[in-house]
Amino acid sequence: MDAAHGGSTDFGHHHSLESERMTPDPRQHSPSAERNRVPILAQLQRVLPPTGIALEIASGTGQHAAHFAAGLPGWLWQPTDAEPLALASIDAWCDGLANVLPAVHLDVLAAPSVSLPAPVDAVFCANMLHIAPWSTCLALMQLAAHGLSPEGRLVLYGPYLEEEVPTAPGNLAFDADLRERNPAWGLRRRADVLAQAHAVGLRLRERVAMPANNLLLVLERTVPSSDA
Ligand SMILES: C[S@@+](CC[C@H](N)C(=O)[O-])C[C@H]1O[C@@H](n2cnc3c(N)ncnc32)[C@H](O)[C@@H]1O
């Protein structure tokens, strides 16, 4: 077939363009991650120390990892996800960032069979708890309690239901939609999430109201000492 183009002087040029078009871009796009990465990074820069190692759970597309690692140059970022197809997207978004480790397959419901950096100074998890079974909450807390350094922080981001704050109509509709898609999914009550945290020795340090009716929850060890 190529021989049919033999008369074309710029054949090679066309051929390389065609090859590029044929190579699928592994980067997946999340419009919400594109929007919320800016306010989340501003909070991470405020609540985290200048240097450390971060373990990200449920990195998704990798847009967060790339943005946060670039904005936190003193941090080494370990992205992970339970979905094998996500790993190529994460690595592609983080290509060229020296402070991001290759994405690792990690399902919080399965004991990690890979070696992860530990202890870590931060565990970050955005938007997983409502789109995964409730059992992932305790699993995430156990992972954080096991992996965090004594002064480490668990940072959660997403929509939550709160007793004292009326739920925004958009979040109620999102909750109904999630439950229809999968009865095991749905927005979690902040109080229930924190109860699971308390069970493993973590407590709420700070609650930050974020745009679009989301919350950033910063948790720390109840007893911040290595022999806790
Ligand atoms: C809505 S996406 C959020 C992605 C990203 N954190 C963000 O905020 O854009 C939910 C992610 O949770 C991951 N996930 C679901 N169940 C999980 C589990 N058991 N362990 C780890 N990740 C899980 C999915 O693969 C998916 O990437």
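Reader: Is Ala212 buried or exposed?

Author: Burial is judged by counting neighbours: a residue is buried if 20 or more other C-beta atoms lie within 10 Å of its own, exposed if 12 or fewer, and partly exposed in between, with C-beta atoms placed from the backbone. Ala212 has 12 other C-beta atoms within 10 Å and is therefore exposed. Please note that this is a predicted model, in which local features need pLDDT of at least 70, side-chain atom pairs count only at pLDDT 80 or more, and totals for chains, interfaces and linings use all residues. Residues are numbered from 1 along each chain as its sequence is written.

Reader: Where is Ala212 found?

Author: Helices (H or I, at least four residues) and strands (E, at least two) are DSSP runs, numbered from the N terminus. Ala212 is found in the loop between β8 (202-210) and β9 (214-221). Its phi is near 60 degrees, a positive value in a residue other than glycine. Asn213 lies in the loop between β8 and β9, and phi of Asn213 is near 60 degrees, again positive in a non-glycine residue. With 15 other C-beta atoms within 10 Å, Asn213 is partly exposed.

Reader: How many helices and strands does the chain have?

Author: The chain has seven helices and nine strands. Of its 228 residues, 34% count as buried.

Reader: How are the axes of α5 and α7 placed?

Author: Two packed helices are described by the angle between their axes and the distance between the axes. Axes are lines fitted to C-alpha atoms, for helices over the stretch in contact, and angles run from 0 to 180 degrees between N-to-C directions. Here the axes of α5 (residues 135-147) and α7 (residues 190-199) come within 9 Å and cross at roughly 40 degrees. Angles under 35 degrees count as roughly parallel, over 145 as roughly antiparallel, 65 to 115 as roughly perpendicular and the rest as oblique. The two helices, α5 and α7, are therefore oblique to each other.

Reader: Which residues of α5 and α7 meet?

Author: Two residues are in contact if their C-beta atoms, placed from the backbone, lie within 7 Å. Cys137, Leu138 and Met141 of α5 meet Val193, Gln196 and Ala197 of α7. By class, this contact has five nonpolar, one polar and no charged residues; Ala, Val, Leu, Ile, Met, Phe, Trp, Tyr, Cys and Pro count as nonpolar, Asp, Glu, Lys and Arg as charged, and the others, Gly among them, as polar.
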